[in-house]
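Please walk through this structure with me, one packing contact at a time. The sequence and the model come first.

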Amino acid sequence: MDQHYGHIVEKVIRRNGYSISELARLTNVNRRSVYNWFNQKNLRSEIIYRIGCALNHDFSIEFPSMFSPNEFNNGLRLVKPNVEVKIENNNQNYWKDKYINLMEKYNDLLLCMGDHPEAKY
């Protein structure tokens, strides 16, 4: 049977509840690239592997001739999980305080520069 690799990958992604935007972000490509992948009948194994690692999915199940379970699972362990950066203080004043602090440092710098008129920006 002749398989359409892009369609198989798309089914797995949608079945697992990932959006196109999320996949694009996880693989560091734009959404158009993801749609192009889905339309490719012979999607390269490197791309399938990259998608599988990003989504933590073992594509050796869908593509046993392309990947061995051990080969693919080893790659999944190498990929660091996506850790979202958390804001230290998740309140309204965090960014305001950060901005004020930066402006105070900038004003101090300008005052120092004023003491030395020959200094250039």
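Helix 2 and helix 4 pack at an angle of about 100°, and their axes lie 9 Å apart. Axes here are lines fitted to C-alpha atoms, for helices over the stretch in contact, and angles run from 0 to 180 degrees between N-to-C directions. The two helices, helix 2 and helix 4, are therefore roughly perpendicular to each other. The cut-offs are these: under 35 degrees counts as roughly parallel, over 145 as roughly antiparallel, 65 to 115 as roughly perpendicular and the rest as oblique. Helix 2 makes the contact with L23, L26 and T27, and helix 4 makes it with R50, I51, A54 and L55. Contact means heavy atoms within 4.5 Å.

A word on the source. This is a predicted model: local features need pLDDT of at least 70, side-chain atom pairs count only at pLDDT 80 or more, and totals for chains, interfaces and linings use all residues. Residues are numbered from 1 along each chain as its sequence is written, and side-chain values use heavy atoms, with hydrogens and water left out.

Now turn to helix 1. Helix 1 and helix 4 pack at an angle of about 5°, with their axes 12 Å apart. Helix 1 and helix 4 are therefore roughly parallel to each other. Y5, V9 and I13 of helix 1 meet I48, I51 and L55 of helix 4.

The whole chain has six helices and zero strands. Helices (H or I, at least four residues) and strands (E, at least two) are DSSP runs, numbered from the N terminus. Of the 121 residues, 26% count as buried. Buried means under 20% relative accessible area, exposed over 50%, and partly exposed in between (1.4 Å probe, protein chains only). Among contacts with a separation of 6 or more, 47% join residues 24 or more positions apart.

In soluble globular proteins, nonpolar side chains tend to be buried together. Here the largest nonpolar core has 20 residues, and V9, I48, I51, F59 and F63 have the most contacts inside it. Helix 1, helix 2 (20-27), helix 3 (31-39) and helix 4 each supply at least two residues of this core. Helix 1 gives the largest share, five residues. Such a core is a set of buried Ala, Val, Leu, Ile, Met, Phe, Trp, Tyr and Cys residues joined through side-chain atoms within 4.5 Å. Look at V9: leaving aside residues up to four places away in sequence, V9 touches F38, L43, I48, I51, F59 and F63. In helix 4, the buried residues include I47, I48, I51, G52, C53 and L55.

Which rings pair up? A search of the whole structure finds four aromatic pairs. In one of them, the rings of Y5 and F63 have centres 5.1 Å apart and planes at 75°, so the pair is edge-to-face. This pair links distant parts of the chain: Y5 sits in helix 1 (residues 5-15), and F63 sits 58 residues away in the loop between helix 4 (45-55) and helix 5 (69-78). Rings of Phe, Tyr and Trp (its six-membered ring) pair if their centres lie within 6.5 Å; planes under 30 degrees apart count as stacked, over 60 as edge-to-face and the rest as tilted. Both Y5 and F63 are buried. Y5, F59 and F63 form one aromatic cluster.

The loop between helix 4 and helix 5 holds other residues to check. One of them is H57. H57 is buried, at a relative accessible area of 14%. Its side chain makes a polar contact with the side chain of E62 (3.2 Å). A polar contact is a pair of N or O atoms within 3.5 Å; within protein, one must be able to donate a hydrogen and the other to accept it, and residues adjacent in sequence count only if both atoms are side-chain atoms. S60 lies in this loop too. S60 is buried, at 7% relative accessible area. The side chains of S60 and D58 make a polar contact (2.6 Å). Not counting residues up to four places away in sequence, S60 touches F67, S68 and P69.

Finally, look at the backbone. Most residues other than glycine have a negative phi. N56 counts as exposed, at 57% relative accessibility. N28 also has a positive phi of about 60°, although N28 is not a glycine. N28 lies in the loop between helix 2 and helix 3. At 69% relative accessibility, N28 counts as exposed.
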